[in-house]
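Trainee: I have a new structure open and would like to go through it with you. Can we start with the surface and work from there?

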Amino acid sequence: MHGLFTTIHKYYTADEWKDFAAENPECLKNVAASSGTGNEDFGRLSSIIAAVPQLSFICLDVANGYSQHFVEYVRKVRSQYPNHTIIAGNVVTGEMVEELILSGADVIKVGIGPGSVCTTRMKTGVGYPQLSAVIECADAAHGLKGHIISDGGCTCPGDLAKAFGAGADFVMAGGMFAGHDECEGEIINKDGKNYKLFYGMASSTAMKKHAGGVAEYRSSEGKTVEVAYKGLVENTVLDMLGGLRSACAYTGAERLRELPRRATFIRCTQQLNPMYGPP
């Protein structure tokens, strides 16, 4: 829809992917199959690509991309799939972006802790301001002809524009897409208002659903929230696209990729007028 790109989480089976491909063949050009870094993950990824050879995008998705194991896994996948486009992350510094690109990744996912249902910064004390991370990592990636995805931190269409203005080639959004008809889960009615559940993949909810629970050696780094029901996602997407078009008009950018050359960032203490509350 509207050229949006989607990474599908790693817990779907090859048979489920085959069913999806049969029902939605036109969507495969804008979809990536995700994988963790274990042997079981690699086996599942291999079976998915064998079952759906039309797939050309792979997303190697871990919360912490700062390990030699992850670098070696990127190299392994690149060796096995030399013609696929590989997305890898998450990291937040230029040095690691360069390491992953040189190891075979094409697109680096940038962001640790900014997501709306991410609790990494609270649980671990680890994180990096998202705008600063995007500026630094975009510069590093583009120097090697790679690309980055700004992952997390967007609350409104203006945040998408800022991410693109900072140099991101793609912007990933989760919370902004939560609560719609197209999201899994039933509508919950409370006190006459409708909600849908939204949870991070590092939350106890997700780990109970897909892995049988939270492993003893780790803690949950995501939360589960009830998001106000929003109806069709089409309306939200059109609002986002409208905001991006206006951002380009305000800054004099003829197209989205010109935004980094037109945008100027100024530190401020308050951006919105709160007189009548949130919009």
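Trainee: Which residues gather in a patch of negative charge on the surface?
Mentor: Asp-15, Glu-16, Asp-19 and Glu-23 do. Keep in mind that this is a predicted model.

Trainee: Where is the place of Asp-15?
Mentor: Asp-15 sits in helix H1, which covers residues 14-23.

Trainee: And is Asp-15 buried or exposed?
Mentor: Exposed, because its relative accessible area is 54% and the cut-off for exposed is over 50%.

Trainee: Which residues make a nonpolar surface patch?
Mentor: Leu-131, Ile-135 and Phe-265 make one of about 240 Å². Ile-135 belongs to helix H6, residues 130-143. With 41% relative accessibility, Ile-135 counts as partly exposed.

Trainee: Changing topic. How many salt bridges does a search of the whole structure find?
Mentor: The search finds eleven. As background, side chains of opposite charge can pair when their charged atoms come close.

Trainee: Which side chain meets Glu-99 in a salt bridge?
Mentor: That of Arg-75, at 3.5 Å from N to O. This pair links distant parts of the chain, with Glu-99 in helix H4 (residues 94-102) and Arg-75 in helix H3, 24 residues apart.

Trainee: How accessible are Glu-99 and Arg-75?
Mentor: Glu-99 is partly exposed at 30% relative accessibility. Arg-75 is also partly exposed, at 40%.

Trainee: What does Asp-151 form a salt bridge with?
Mentor: With Lys-109; the closest N and O atoms are 3.4 Å apart. Asp-151 is in strand S6 (residues 147-151) and Lys-109 is in strand S5 (residues 107-110), so the pair ties together parts that are 42 residues apart in sequence.

Trainee: Are those two buried or exposed, Asp-151 and Lys-109?
Mentor: Asp-151 is buried, with a relative accessible area of 17%. Lys-109 counts as buried as well, at 3%. The cut-off for buried is under 20%.

Trainee: What about Arg-262, which residue does it form a salt bridge with?
Mentor: Glu-258, and there the closest N and O atoms are 3.5 Å apart. Arg-262 is partly exposed at 36% relative accessibility, whereas Glu-258 is buried with a relative accessible area of 9%.

Trainee: Which residues do salt bridges that share partners join into one network?
Mentor: Lys-10, Glu-40, Asp-41 and Arg-44.

Trainee: What does UniProt list for "binding site"?
Mentor: The UniProt entry, which is unreviewed, lists Lys-10, Asp-61, Val-62, Ala-63, Ile-112, Gly-113, Met-201, Tyr-217 and Arg-218.

Trainee: Let me follow up on Val-62. Where is it found?
Mentor: Val-62 is in the loop between strand S3 (57-61) and helix H3 (68-80).

Trainee: Why does Val-62 count as buried?
Mentor: Because its relative accessible area is 17%, and under 20% is called buried.

Trainee: One more spot. Where is Cys-154 found?
Mentor: Cys-154 is in the loop between S6 and helix H7 (157-165). Its relative accessible area is 15%, so Cys-154 is buried.

Trainee: How far apart are Cys-154 and Ala-228 in sequence and in space?
Mentor: They are 74 residues apart in sequence, and their C-alpha atoms are 17 Å apart in space.

Notes: Residues are numbered from 1 along each chain as its sequence is written. This is a predicted model: local features need pLDDT of at least 70, side-chain atom pairs count only at pLDDT 80 or more; totals for chains, interfaces and linings use all residues. Side-chain values use heavy atoms; hydrogens and water are left out. Patches are made of residues with over 30% relative accessible area and no salt bridge: like charges are joined within 9 Å, nonpolar side chains (Val, Leu, Ile, Met, Phe, Trp, Tyr) within 5 Å. Accessible areas come from the Shrake-Rupley method with a 1.4 Å probe; for residues, only the protein chains shown count as cover. A salt bridge is a side-chain nitrogen of Lys or Arg within 4 Å of a carboxyl oxygen of Asp or Glu. Lys and Arg count as positive and Asp and Glu as negative; His and the chain ends are not counted. The place of a charge is taken as NZ of Lys, CZ of Arg, CG of Asp or CD of Glu. Helices (H or I, at least four residues) and strands (E, at least two) are DSSP runs, numbered from the N terminus. Buried means under 20% relative accessible area, exposed over 50%, partly exposed in between (1.4 Å probe, protein chains only). UniProt positions are given in the numbering used here, feature names are shortened, and annotations may be inferred rather than shown by experiment.
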